[in-house]
Amino acid sequence: MARRHQPGPGGARSQTLPKPRPNAQSALVLARPEPGGMVKSLGPDDLESLVLRIHAAPLQPSLWAAVVEDLRCMLGAQRALLHAPTPRNPADYWCVPARYDPETMTEYARNWAHQDLWSEGARSRGLTVAGMSYTDDAMVDRREFLGSAFFNEFLKPREVDRLLITCLDARRTDSETS
């Protein structure tokens with residue numbers, strides 16, 4: 001358990017926070033910025049609240065949707081997604097989307113998860129370090145990406161062409177090795 005020290009009216013006090021239980025190779029994916037979108041500024045209380053909700057969400061999964069939506073708004077992204085990429089089969093695909101329709105996520109799991117150049121590029125270039133963030137250009141050559149079926153047949157029709165990803169947990173499991 002993590003401890004947070006916070007001064008109270010009667011002096012210092014500490015609060016025990018639940019430690020997050022990460023999913024294998026979880027990633028937060030943010031699609032391109034909202035046209036004309038503004039990044040929502042965070043005050044200290046907002047940031048503290050967000051961190052506490054992130055830590056609580058593994059113990060109360062219903063909180064993930066609000067966390068992902070808040071991150072999407074804070075960063076001015078059109079869409080956001082918390083997911084564990086490359087499932088063994090589509091039924092094993094886990095994600096928490098913000099502003100993605102369910103059909104898109106089902107199609108990704110069925111037809112595109114194993115052709116995801118971003119996920120593959122992140123793994124092959126060693127960009128799966130927990131806590132680190134990367135842009136799409138760090139994961140795959142832009143020309144290769146723009147010429148791929150993954151981009152042209154899946155992402156482009158959905159107006160997704162840029163990405164910011166944060167690796168939350170880099171451990172791999174059997175479900176990710178196929």
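Contact here means heavy atoms within 4.5 Å of each other. Keep that in mind while you look through these close-ups of a predicted model.

**Figure 1. Helices α1 and α2 cross each other.** In this view, L50, R53 and I54 of α1 meet W64, A66, V67, D70, L71 and M74 of α2. Two packed helices are described by the angle between their axes and the distance between the axes. For α1 (residues 44-56) and α2 (residues 64-75), the axes come within 9 Å and cross at roughly 145 degrees. The crossing of α1 past α2 is left-handed.

**Figure 2. The whole chain, for orientation.** Seven helices and seven strands make up the elements of the protein chain. Starting at the N terminus, the order is β-β-β-α-α-β-β-α-α-β-α-α-α-β. Of the 178 residues in the chain, 38% are buried. Take the contacts between residues at least 6 apart in sequence: 65% of them join residues at least 24 apart.

**Figure 3. The largest nonpolar core.** In soluble globular proteins, nonpolar side chains tend to be buried together. Here the largest nonpolar core has 23 residues, and Y108, W118, M139, F145, F150 and L155 have the most contacts inside it. Which elements give two or more residues to this core? They are α3 (102-112), α4 (117-124), α7 (149-155) and β7 (163-167). Another core lies apart from this one; it has 11 residues, including L50, M74, V96 and A98.

**Figure 4. A closer look at Y108.** Who are the contacts of Y108, once neighbours within four places in sequence are left aside? The list runs H83, P85, Y93, A113, D116, S119, F150 and F154. One of these, F150, is also among the residues with the most contacts inside the largest core, and so is Y108 itself.

**Figure 5. Strand β4, covered on both faces.** In a regular strand the side chains alternate between the two faces of the sheet. In β4, A80, L82 and A84 sit on one side, L81 and H83 sit on the other, and all are buried. Because five of the five residues of β4 (residues 80-84) are buried, this strand is largely enclosed by the rest of the structure. Next to look for is its partner: β4 and β5 (residues 94-98) run antiparallel and are joined by five bridges. For A84, the bridge partner in β5 is W94.

**Figure 6. Helix α4 and what covers it.** Find L117, W118, S119, G121 and A122, the buried residues of α4. Their cover includes α3, α5 (136-139), α6 (142-146), α7 and β7. At the start of the helix, a side-chain oxygen of D116 comes to within 2.9 Å of the backbone nitrogen of W118. After α4 comes G126, with a positive phi near 70 degrees.

**Figure 7. Strands β6 and β7 side by side.** Three bridges pair β6 (residues 133-135) with β7 in the antiparallel sense. Opposite S133 you will find T166 of β7. Is β7 mostly covered or mostly open? Four of its five residues are buried, and the strand is mostly covered.

Figure 8. R99 is in the loop between β5 and α3. Its phi is positive, about 70 degrees, although R99 is not a glycine. With a relative accessibility of 54%, R99 is over the 50% cut-off and so counts as exposed. Along the chain R99 and Q78 are 21 residues apart, while 7.3 Å separates their C-alpha atoms. As for E159, look in the loop between α7 and β7. E159 is also not a glycine, and its phi is positive, near 60 degrees.

**Figure 9. A138 in helix α5.** A138 is part of helix α5. Its relative accessible area is 30%, so A138 is partly exposed. Which residues does A138 touch, not counting those up to four places away in sequence? They are R125 and L127. From A138 to L127 it is 11 residues in sequence and 8.3 Å in space, C-alpha to C-alpha.

Notes. Residues are numbered from 1 along each chain as its sequence is written. This is a predicted model: local features need pLDDT of at least 70, side-chain atom pairs count only at pLDDT 80 or more; totals for chains, interfaces and linings use all residues. Side-chain values use heavy atoms; hydrogens and water are left out. A nonpolar core is a set of buried Ala, Val, Leu, Ile, Met, Phe, Trp, Tyr and Cys residues joined through side-chain atoms within 4.5 Å. Buried means under 20% relative accessible area, exposed over 50%, partly exposed in between (1.4 Å probe, protein chains only). Two strands pair if DSSP finds at least two bridges between them. A polar contact is a pair of N or O atoms within 3.5 Å; within protein, one must be able to donate a hydrogen and the other to accept it, and residues adjacent in sequence count only if both atoms are side-chain atoms. Axes are lines fitted to C-alpha atoms, for helices over the stretch in contact, and angles run from 0 to 180 degrees between N-to-C directions. A crossing is left-handed if the near helix is turned anticlockwise from the far one by less than a right angle, and right-handed if clockwise.
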